[in-house]
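Happy to go through this one with you. Let's take a few labels and ask what stands behind each.

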There are 2 protein chains.
Amino acid sequence: VAEKITIALDAMGGDKAPEIIIGGADLARERHSNTRYIFFGDEPTIKPCMDQYPKLSAISEICHTETIVASSDKPSAALRAGRKSSMGLSIKAVHDGLAAGVVSAGNTGALMALSKIILGMIPGIIRPAIASILPTKRGESVMLDLGANTQCNVEHLVQFAIMGEVFARTAMGVLKPKVGLLNIGIEDLKGTESIRQAAAILKRMASDESNLPIQFHGFVEGFDVPYGTVDVVVTDGFSGNVCLKTVEGTAKLYSAFIKESFKHSFWAKLGFLFARPAFNRLRQRADPRRYNGALFLGVNGVSVKSHGGTDAYGFATAVGLTADMIAYGFVDKVREEIEQISHLIFSKSVT
Amino acid sequence: VAEKITIALDAMGGDKAPEIIIGGADLARERHSNTRYIFFGDEPTIKPCMDQYPKLSAISEICHTETIVASSDKPSAALRAGRKSSMGLSIKAVHDGLAAGVVSAGNTGALMALSKIILGMIPGIIRPAIASILPTKRGESVMLDLGANTQCNVEHLVQFAIMGEVFARTAMGVLKPKVGLLNIGIEDLKGTESIRQAAAILKRMASDESNLPIQFHGFVEGFDVPYGTVDVVVTDGFSGNVCLKTVEGTAKLYSAFIKESFKHSFWAKLGFLFARPAFNRLRQRADPRRYNGALFLGVNGVSVKSHGGTDAYGFATAVGLTADMIAYGFVDKVREEIEQISHLIFSKSVT
C-alpha cells in the first residue's frame, strides 16, 4: 500500500483563488489517489467552494488563516508580515511535518523568500534555483535556474546540475538524464570562466565510476533548448529566464503567424477547416497548463509555485509535480548526492 | 546623382565560395544600382565564375590574394597569418579608403579580430558588438550584442544602445527607434547592477531635450524579442546569443510540429494542400536568408559577416545591409553621438 502524501495548499494565492485551487486539487486527487490536502486561507471563503467537491472534502482539512500576501508585496515585506499568511503557514506546515510539500499560485518572490527562511536550505546547497519542465521536440526537459540568481559562480552551476539531474531522474522518470550547460558555442573556450570551470567539474563527475550517475553532455546552445538535446539544461538565472520567455514568446508568435496566414484567401480558410484537428493537437502539445509549476529546488522541502493566472487543470499539474517530488524523495536524494560530491567542488585543482 | 559605393568582398569565405559571393554580388548590384565591388581572392578561381556575370564584371575588379583564413582557424592564428589573406586584405581595403565597407562569409572570430585590429575602433567605443536584424510580429528589430562580449558593464551596454539606435534609424529607416534593455522582469529592481545603471543613464538621455534622439522604452523580457516590442534590443553577448538561437530553434521546432500535425489524417493532408500557399507565405516571412548579416558595430568601418552556409540570395542581403550602412553614414553618426554623451556615461552620479 502506497503511503499517503499530504500536500499543503495556499488557498488564497493566484488570480482566481480559492476556486481554481480547490478545483485543481480535486483534479489532482483523481490522478494521484494517495494524496490528501490541507487548505490554508480564509475558512468562510473556502468552505462553500469546498462543499461542491464532496470527495475532495473527505480527504482535506481547512486551516483558517487571517492574512494574505498580496501579489504586489515585495519579498522583504512578505518576510516581515507574511509568516502568518495563508502562504507562510502552508510553508510552515511542511517545516512542521504536517505536510510533505506546498503549492502556491501567489507572489513568486514572496514564496521563494518565505520558503528559504521557513524551510531553510538542503545542507550543502548554497543557492536555491527555480526550475521548470518545458516541452521539446524530443519530449520534455527541465531547465534551471530561471531567475532566482542573476549571476552564478561555478559552485552554483554545478549544484544546479546535480539538482536538475536528480529531478529528471526522480520526478520526471528519466532513467539516465543527460545534463547540458547552456553556452554560446560548444567549443571548450566558449563562455565565461564559471561555465568553463563548471564543465570541467561535471566532466570529472561523469567520468568517475565511483561517483554520481550523472551523464554530462557538455555545452548546449539556445536552439538545443526547444529541440531537447539534453534532459537537463543548466544555466544562470538571467540567461535561463530570457531563454524560457523567448521560447514561450516565439511559440506564441508562430501561432499568431499561422492564424494570420490562414485568413489570406478562401482556399486558405478552407484548408484551415480541414486542418483544425491537426492544429488542436499542436496546441495541446504546447499547452502551458501541462507544464505549469516552477520548482524551488534547493530549499529543504518541496515548494512549488503555480502560475497565478492558470485554471484548475493547470493548478492540478503543479500539484501533481509536487506529489511526484515527494513520492520519489527528491529532497533526500539531493542531500545524499551533494554530500558525495563536496570534495569535487571544493578541491584545489579547480580554484 | 547618388555617389558610387565600393564594397570589398572576401571571395574565398564561406562554404560555397566564390560562387555564392559572386552570385550574391550580382543580385545586390540589381537592387543597389550605385554599388561597385572589389573581390579579394584567388584570381584563377574567381575569374571564370565572374565571366558568367558580364554586368557585374563591368563594375568590379579582382584583387588577387594568395592565402585564405580557414573556417577552423582560431582568431589568434588569423591575427598572425591572416593579414595577407583574402579576408585580411578586403578589410584593409576599407582602412585604405579603397572600399567603404567589407563583407565576408568566412570565419566569424577571425573576421571580428582582423576588423578590430585593422580598422580600429570608432573613437570612444570600448567594445565592438555583434548585431543582427530579426523578424518580429511587428516587423523587424535589431538585437545586440550577440556574442562578442560574454560579460558587459554599464558603459558597454549604454554604448550598444546608442549604436543599435543609430543603426535602426539609419540602415533600417526607423524614424524614432524604441530602445529596450533585455532583463528578467520590468520592475526597476530586476537584473544585474550593470543593467539597472545602464537603464538609469538611458532614461536620463531620453529625457534630456538638448541631447540624443534616443527613445528609451525601459526593460524588455524574452518574449518581447519575437514580439518586437522595441526596435532595438540591448543585452550582453551571452544572453543575446542564447536569445537569438532560442528564437531560431523554436521557430524551426514549430515548423516541424506543424508538418507533423498535418500527417495525422487524410483530412489534415487535404487541409495542408489547400493551406500550402499560406504556409509558403509564413516560410517566406521567417526566411533566414532575408535576415542574413551579422553587423560588427563599433569597429571604425563597416564590416559585415554573412552566414557561411547561405546562398546567393542570402549573401545579397548582407551586401545590401553593408550598402545601407555606408549610404547612411552609420560610422560617422555613431562617432558624433558617442562624443555627445561621453559626459553622461562618465559622470560621477552614476559610479
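Below are some questions and answers on this predicted model.

Q: Why is the relation of chain A to chain B called that of a two-fold axis?
A: Chain A is superposed on chain B by a rotation of 180° with 0.0 Å of shift along its axis, at an RMSD of 0.1 Å. That is the relation of a two-fold axis. The same surface serves both copies, as 100% of the contact residues of chain A recur in chain B.

Q: Which residue of chain A comes closest to the rotation axis?
A: That is A:Gly271, with its C-alpha at 2.1 Å.

Q: What makes helix 1 of chain B and helix 12 of chain B oblique to each other?
A: Helix 1 (residues 19-31) of chain B and helix 12 (residues 312-327) of chain B pack at an angle of about 55°, with their axes 7 Å apart. Angles under 35 degrees count as roughly parallel and 65 to 115 as roughly perpendicular. The two helices are therefore oblique to each other, and their crossing is right-handed.

Q: Which residues meet in this contact of helix 1 of chain B with helix 12 of chain B?
A: Among them are B:Ile20, B:Leu27 and B:Arg31 in helix 1 of chain B, and B:Tyr313, B:Phe315 and B:Val319 in helix 12 of chain B. The residues of this contact divide into 10 nonpolar, 3 polar and 1 charged.

Q: How do you know whether A:Lys92 is buried or exposed, or partly exposed?
A: A:Lys92, in helix 5 (residues 86-95) of chain A, has 38% relative accessibility. Buried means under 20% and exposed over 50%, so A:Lys92 counts as partly exposed.

Key: Residues numbered from 1 in each chain as written. Chains lettered and ligands numbered in written order. Predicted model: local features only at pLDDT ≥ 70, side-chain atom pairs only at ≥ 80, totals over all residues. Heavy atoms only, no water. Least-squares fit on C-alpha atoms with pLDDT ≥ 70 in both. Contact = heavy atoms within 4.5 Å. Axes fitted to C-alpha atoms, helices over the stretch in contact; angles between N-to-C directions. Helix = DSSP H or I, 4+ residues; strand = E, 2+ residues; numbered from the N terminus. Parallel < 35°, antiparallel > 145°, perpendicular 65-115°, else oblique. Left-handed = near helix turned anticlockwise from the far one by under 90°. Nonpolar A, V, L, I, M, F, W, Y, C, P; charged D, E, K, R; others polar. Buried < 20%, exposed > 50% of the residue type's maximum accessible area, 1.4 Å probe, protein only.
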